[in-house]
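Here's a quick tour of this chain, going from the core out to one strand residue and then to the rings. Have the structure open as you read.

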Amino acid sequence: MKATIKGVYTHKQDGTEYVTKKGNLYIKLLLSLENGDSLYESFFFTPKAHFRFEDLYASAGQQAPSATEITAANVNQLIGEGININVGMNKAGCDTVTKFYPKQVPVTAAAAADDGITDEISGQVADDDLDEEVPF
């Protein structure tokens with residue numbers, strides 16, 4: 001499913017910062033889905049949960065900052081980016097992102113040049129003297 005990143009929130013509506021019971025900061029990302037629905041997804045600023053940021057950035061076709069460097073300001077730069085995701089249900093029965101799909105990188109001129117090498121090799125005629133059985 002296609003989605004667009006619409007907002008990054010660091011505070012609740014009452015002005016308190018998003019902090020877990022263990023004191024870890026987190027953000028909520030607002031996603032606008034192609035079916036017209038909206039979805040809030042939480043991202044936690046801990047080394048153990050950094051893979052989620054890596055997945056998010058990969059789906060936007062970018063490299064994520066390291067776990068020690070990432071901030072909400074970094075994630076704000078993703079607002080407006082289109083991403084591909086899978087939406088499912090969490091244990092509480094709420095919609096959640098179950099997978100971020102990496103953005104497909106377009107073929108570059110260098111990759112196209114590599115394809116030409118393969119064509120050269122495939123056009124060569126094999127040497128009949130090399131066609132022998134190899135015992136294994």
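This is a predicted model: local features need pLDDT of at least 70, side-chain atom pairs count only at pLDDT 80 or more; totals for chains, interfaces and linings use all residues.

As general background, nonpolar side chains in soluble globular proteins tend to be buried together.

Ile-83 is a handy one to click on. Skipping its neighbours within four places in sequence, Ile-83 is in contact with Met-1, Lys-2, Ala-3, Ile-5, Leu-31, Leu-56, Ser-59, Ala-60 and Phe-100.

How do β2 and β3 run, and how many bridges join them? Strand β2 (residues 26-33) and β3 are antiparallel, with 7 bridges joining them. Lys-28 stands opposite Ser-42 in β3. The hairpin has 4 residues between the strands, and Gly-36 takes a positive phi near 95 degrees there.

Side chains in a regular strand alternate between the two faces of the sheet. Strand β3 (residues 38-44) has Leu-39, Glu-41 and Phe-43 on its covered face, while Ser-38, Tyr-40, Ser-42 and Phe-44 are on the uncovered one.

Now look at strand β5 (residues 95-101), where Thr-96 is found. Is Thr-96 buried or exposed? Its relative accessibility is 15%, and the cut-off for buried is under 20%, so Thr-96 counts as buried.

The side chain of Thr-96 makes a polar contact of 3.1 Å with the side chain of Glu-41, a residue on the covered face of β3. Leaving aside neighbours within four places in sequence, Thr-96 is in contact with Leu-39, Glu-41, Asn-86, Val-87, Gly-88, Met-89 and Asn-90.

## Rings

Searching the whole structure turns up 6 aromatic pairs. One of them is Phe-43 with Phe-100, a tilted pair at 5.9 Å centre to centre, with 45 degrees between the planes. This pair links distant parts of the chain, since Phe-43 is in strand β3 and Phe-100 in strand β5, 57 residues apart. Both Phe-43 and Phe-100 are buried.

Which residues form one aromatic cluster? Phe-43 and Phe-100 do, along with Phe-45 and Phe-53. Finally, Arg-52 lies over the face of Phe-43, 5.0 Å from the ring centre.

Note on methods: Residues are numbered from 1 along each chain as its sequence is written. Side-chain values use heavy atoms; hydrogens and water are left out. Helices (H or I, at least four residues) and strands (E, at least two) are DSSP runs, numbered from the N terminus. Buried means under 20% relative accessible area, exposed over 50%, partly exposed in between (1.4 Å probe, protein chains only). A polar contact is a pair of N or O atoms within 3.5 Å; within protein, one must be able to donate a hydrogen and the other to accept it, and residues adjacent in sequence count only if both atoms are side-chain atoms. Contact means heavy atoms within 4.5 Å. Two strands pair if DSSP finds at least two bridges between them. Rings of Phe, Tyr and Trp (its six-membered ring) pair if their centres lie within 6.5 Å; planes under 30 degrees apart count as stacked, over 60 as edge-to-face and the rest as tilted. A charge sits over a ring if NZ of Lys or CZ of Arg is within 6 Å of the ring centre and within 35 degrees of the ring normal.
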